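Q: Please take a close look at a single part of the structure shown below. After that, I would be grateful for a connected account of what lies around that part.

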2 protein chains.
Amino acid sequence: MIVEDQHLMRLALVHELQAAIPACVVHAAATIATALELIEANQFALILIDPGLPGYDPRSEMDRLKTISTVVERTPAAIHIVITGAESAQEWEEVRTIGVAGYIAKNSLKPGTMTAILQSIADHGCCVGLMHETSMSPEVYHAVLSPREQELVQWMMQRPANISRKAIYDQLGEHLNIDAASAERYYKRARAKLLKFGQLPESL
Amino acid sequence: MIVEDQHLMRLALVHELQAAIPACVVHAAATIATALELIEANQFALILIDPGLPGYDPRSEMDRLKTISTVVERTPAAIHIVITGAESAQEWEEVRTIGVAGYIAKNSLKPGTMTAILQSIADHGCCVGLMHETSMSPEVYHAVLSPREQELVQWMMQRPANISRKAIYDQLGEHLNIDAASAERYYKRARAKLLKFGQLPESL
DNA sequence: GACGAAAGTGACGGCGCTGTCCCTATTTGC
DNA sequence: GCAAATAGGGACAGCGCCGTCACTTTCGTC
């Protein structure tokens, strides 16, 4: 079950969870009230919860903890992971004592990370992901490109000047489990598309 | 350009924007520093910005406004929309005076809403979306279903007892621009899949 | 008993994304 | 100059999703 008030984030969490756990059933609630309804009707194995729900003051540590403990108390059989936009090491210590297994900052939650989180909980019993201040490089998204093409372009734009494109193709081939030649083909198709639509960045 | 620190939300916003504006190019930044880099290198027509960035205190109204005004001042040609997780009517009044056209709560931002937001700004010059306390009904997502099938199941589960399924098929056909008969087949295929995987909810 | 609503099954063409294979110019570097 | 890297194009099969069409059976109700 996922308890998260922001529609888009809830959707994203559903997808992350489905990507991490094949053939699973995910229930989602936007409010505590809805979550409690679901808890009474179902047995959940895993619960993601964001303590910043409407109706409660997200600045109040008490409200946040109450939200979490309310859910945790009623689902003793489930594994609980807190997904928060305003994380603090202290809060993690507190929720840990009431039985929460994971504490993840929304900041540090990237696409595909869910698998690692669940694995970590399975191995060590808990998982913490506080904020990464990694000063991300800028991202560019072109609507005319398919996801694969988009990914190829992203990689290629980050290529240091002294590395040959061929080397990138090899890296990508290994990373995506495809032929380096196919990676080359993708990049070329992507480039052709961008050229066609006049969206070609200078960094080519 | 999108300025948003949470990876998943940033991704979701990119998709929303691409869905609303065909064949567009979207740049995304996770920090103010990255955003300012992008501003110096590009001319943007539309900027979505979340004031709750790392390095600033999201509780401090001053930090939030500074984040916004920093970006707005340097991009006078762009339309600015604030996307915030902690909205307040007062903050909207303040950012409005410095030239922000839209103020949308993450709470009220649903998949597909971006088109309406942009349309509203085009028509009236501004758009406000504060929190909807609509006490959403619970959602269920089955990984084995395709998006269409998922949607059909969702609709069917919300069916009041006194409405025939046939009526739902008609509604759906109209809503999705497909044959009511096709909607029927989708539902049946979805049901067959759930049955096969033992994931059939009682509400069938 | 007849009729319609609902359930269950099978099949088809179209489309886009993916991954592969092949062929040809042009440029770059040694 | 020659070889490797780069740029550009065309074609193909596989797969999943989408939308459509057709057929059978069961159930409830009038």
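A: A polar backbone atom of D179(A) lies 2.8 Å from a phosphate oxygen of DNA strand C. This comes from a predicted model, in which local features need pLDDT of at least 70 and side-chain atom pairs count only at pLDDT 80 or more, while totals for chains, interfaces and linings use all residues. Residues are numbered from 1 along each chain as its sequence is written, chains are lettered from A and ligands numbered from 1 in the order in which they are written, and side-chain values use heavy atoms, with hydrogens and water left out.

The term polar contact stands for a pair of N or O atoms within 3.5 Å; within protein, one of the two must be able to donate a hydrogen and the other to accept it, and residues adjacent in sequence count only if both atoms are side-chain atoms. On DNA strand C, a phosphate oxygen is also 2.5 Å from an N or O atom in the side chain of S146(A). From the other protein chain, R191(B) places a polar side-chain atom 2.4 Å from a phosphate oxygen of DNA strand C.

A residue is taken as near a molecule or strand if one of its heavy atoms lies within 4 Å of it. Of the atoms of DNA strand C that come within 4 Å of the protein, 65% belong to sugar and phosphate. At least two residues of this surface are supplied by each of α6 (147–157) and α8 of chain A and α7 (165–176) and α8 of chain B. Helices (H or I, at least four residues) and strands (E, at least two) are DSSP runs, numbered from the N terminus. The surface near DNA strand C divides into 5 nonpolar, 3 polar and 9 charged residues. In this division Ala, Val, Leu, Ile, Met, Phe, Trp, Tyr, Cys and Pro count as nonpolar, Asp, Glu, Lys and Arg as charged, and the others, Gly among them, as polar.

DNA strand D has surroundings of its own. It is surrounded by 16 residues, of which R185(A), R191(A), S146(B), R148(B) and Y186(B) are the closest. Sugar or phosphate holds 63% of the atoms of DNA strand D within 4 Å of the protein, and the rest belong to bases. One base oxygen of DNA strand D is 2.3 Å from an N or O atom in the side chain of R185(A). Phosphate oxygens of DNA strand D are approached by K166(A), through a polar backbone atom at 3.0 Å, and by S146(B), through a polar side-chain atom at 2.7 Å. The elements that each supply at least two residues here are α7 (165–176) and α8 (180–196) of chain A with α6 (147–157) and α8 (180–196) of chain B. Of these, α8(A) gives the largest share, 5 residues. The residues near DNA strand D comprise 5 nonpolar, 3 polar and 8 charged.

The two protein chains also meet each other. In chain A, 43 residues are in contact with 43 residues of chain B, contact meaning heavy atoms within 4.5 Å. About 4000 Å² is buried between chain A and chain B, with 61% of the area given by carbon and sulfur atoms. H7(A), L8(A) and Y141(A) supply 19% of the area that chain A buries against chain B, more than any other three residues. Buried area is the accessible area (1.4 Å probe) that two parts lose on being put together, summed over both.

The interface of chain A and chain B holds 2 salt bridges, a salt bridge being a side-chain nitrogen of Lys or Arg within 4 Å of a carboxyl oxygen of Asp or Glu. E139(A) forms a salt bridge with R10(B), with the closest N and O atoms 3.1 Å apart. On the side of chain A that touches chain B, α1 (7–20), β2 (25–29), α2 (32–41) and β7 (139–142) of chain A give two or more residues. The most, 10 residues, come from α1(A).

β7(A) pairs with strand β2 (residues 25–29) of chain B in the antiparallel sense over 4 bridges; two strands pair if DSSP finds at least two bridges between them. In this pairing Y141(A) stands opposite V26(B) in β2(B).
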